[in-house]
Amino acid sequence: VTRLVLVLGDQLTPTLSALREGDRGRDLVVMAEVADEAGYVPHHPKKIALIFAAMRKFADELRDEGWQVAYTRLDDPENGGSIPSELLRRAEEAGASEVLVTTPGEWRLIDALKHTPLKTRFHADDRFICSGQEFRDWAEGRKALRMEYFYREMRRKTGLLMDGDKPEGGEWNYDSENRKPPPEGIERQRVMHFTPDETVEEVLDLVEDRFGDNFGTLRPFWFATERGQARRACSQFMREALPKFGDYQDAMMRGEHFLYHAVISLYMNLGLLDPLEVCRDAETEYREGRAPLNAVEGFIRQILGWREYVRGIYFLEGRDYTARNGLGHKRALPPLYWGAETRMRCLSEAVGQTRDEAYAHHIQRLMVTGNFALLAGVDPAEVHEWYLAVYADAYEWVEAPNTVGMSQFADGGVIASKPYVSSGNYINKMSDYCKGCDYVVSRKTGEGACPFNLLYWHFLDRHRDRFEGNPRMAQMYRTFDRMDADRRETVLKEAGAFLKRMDAGEVV
Ligand code: FAD
């Protein structure tokens, strides 16, 4: 009898566990572009186009390898609109009652697949360096699940940047040499762009037609949509940008959307690039003397450490994670996140490039858009939906721990030991955004004071009970308490007035 082999849009890997378990002479691969997946949040049009185009090409690749593939396009009249309904339809057509599935990267789909009448066999997604069991074993009995210790385990396990049983160069982490402010005139070679072929053009037309009203610019579309292209983009990064990755990892510059970042999360998360292979390639750059240790260690830590760690946390913490709201934040996400006018230059830059590219690098996400939402007390569920929608690399297993945990501290400190908040000073140090801003970053109160300066103290004041005892935040409270009482009152009053204006829909 025929079985179905389900391949989801972010499972475009020839060695996928469900495909390994399948029999290409007998089983039927099912792939489907469905309204439910394209619409559970208002995804950026570039993200939808990337996924559909890469899916279509992967289906062709599987056919070339001898698989039978039942592929449903979004505009097929028979399209059932969801993954379960498409599975049922294909099962009926093929007379199948069993489905092989690689466990999806989000609870929503796992649960949906568990509730079909078909016999569903889940196979672990082993495209990650750390398995679910390994992560649970590591977490077992630990009071705090800090990434740094997990990362060291992963270094030992893989042998990446190891010198026997010691870390290469003697240290596990070289961040003290990283994260320099950007010098004048910093720029990088263009990230590799790919001209849309016929398949991509066809998808672009479809997306324009169906999702043209979603936030985000569809064209020009330049993403890689197949493995070979993604590999070329990644090698170009290794050659041209990796050596400076560490130095300017946190820098932000107007008009420079990518700096020395790899822009590969969107490809890795789809399954077009293998994370361990990427780490090994980066290590080779170091071993062969083309990139310094601080850059390569920092880069490998993002993938071997952070990426694996957040996945472990997502599955460890369970289904309610995205609903957590540890700080009780209730404010609606301001329209400026969807492109409405703002006088804050850092936010207009970060949101503007997000609209154009479906991309922003980590510090833009964490210290500009994330920082502002946290300081302003925005409901983390709304913040989570925004990040899930607007970035081409956003899937819940990776986005939710970063947003709900790292950025909004809504998980109560599972991921971060203190909230990532800062005043305007940090943004000014790491970027050139403040130069063209309507607000004055050096001004703490009064006309033109930078809203980050006001909201920073407002946040600390609101959450004094929660954070005053945190040794890593004691210094901030001491600084606040040393201000004279009048000044403190002015800061809080002005912050409150700012929030009121924002809530009333004024341009802030
Ligand atoms: P680089 O800076 O070049 O880093 C290399 C790789 O390391 C990335 O491709 C990525 O795979 C990995 N990486 C780096 N930081 C992280 C991290 N914190 N968590 C997981 N992997 C990491 N990343 C996503 O892939 N999808 C998301 O939806 C996502 N949402 C985020 C939301 C918030 C609020 C924050 C603060 C971060 C989020 N990140 C997310 C992490 C990070 O910002 C992106 O992985 C990174 O910006 C991708 O760009 P890049 O490929 O140029 O990365």
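Modeller: Start with the contacts across the protein. Of those with a separation of 6 or more, 74% join residues 24 or more positions apart. Two residues are in contact if their C-beta atoms, placed from the backbone, lie within 7 Å. This is a predicted model, in which local features need pLDDT of at least 70 and side-chain atom pairs count only at pLDDT 80 or more, while totals for chains, interfaces and linings use all residues. Residues are numbered from 1 along each chain as its sequence is written.

The protein has 22 helices and seven strands. These are DSSP runs, numbered from the N terminus: helices are H or I with at least four residues, strands are E with at least two. The radius of gyration is 24 Å, close to the 23 Å of the globule rule for 508 residues, so the protein is as compact as a globular protein of that length. That radius is taken over C-alpha atoms, and the rule is 2.2 Å times the number of residues to the power 0.38. The C-alpha trace spans about 80 × 55 × 45 Å along its principal axes. Of the 508 residues, 47% are buried. Buried means 20 or more other C-beta atoms within 10 Å of the residue's own, exposed means 12 or fewer, and partly exposed lies in between, with C-beta atoms placed from the backbone.

There are three stretches to know: domain 1 (4-123), domain 2 (132-188 + 241-317) and domain 3 (335-503). Their bounds come from an automatic or database domain assignment. Taken over C-alpha atoms, the centres of domain 1 and domain 2 are 31 Å apart. Seven residues from domain 1 and five residues from domain 2 make the contact.

Now the close look: the ligand. Its shell takes residues from both domain 2 and domain 3, so the ligand lies between them. In total, 27 residues surround it, and the closest are His261, Ala262, Ser265, Gln302 and Glu399. A residue counts as near a molecule or strand if its C-beta atom, placed from the backbone, lies within 6 Å of it.

Which helices supply at least two residues each of the shell? They are α11 (265-270), α13 (293-317), α15 (362-376) and α17 (396-407). The largest share, six residues, comes from α17. By class, the shell has 13 nonpolar, 10 polar and four charged residues. Here Ala, Val, Leu, Ile, Met, Phe, Trp, Tyr, Cys and Pro are nonpolar, Asp, Glu, Lys and Arg are charged, and the others, Gly among them, are polar.

Ile129 sits in the loop between β5 (119-123) and α6 (132-139). Ile129 is buried, with 20 other C-beta atoms within 10 Å. Not counting residues up to four places away in sequence, Ile129 touches Met154, Thr158, Pro275, Leu276, Leu304 and Glu308. The C-alpha atoms of Ile129 and Ile303 are 9.5 Å apart, although 174 residues separate them along the chain.

Last, a strand. All five of the five residues of β2 (residues 28-32) are buried, so β2 is largely enclosed by the rest of the structure. From β2, Leu28, Val30 and Ala32 point one way, and Val29 and Met31 the other. Strand β1 (residues 4-6) pairs with β2 in the parallel sense over three bridges. Strand β3 (residues 68-72) also pairs with β2 in the parallel sense, over five bridges. Pairing requires at least two bridges found by DSSP between two strands. Val29 stands opposite Val5 and also opposite Val69 in β3.
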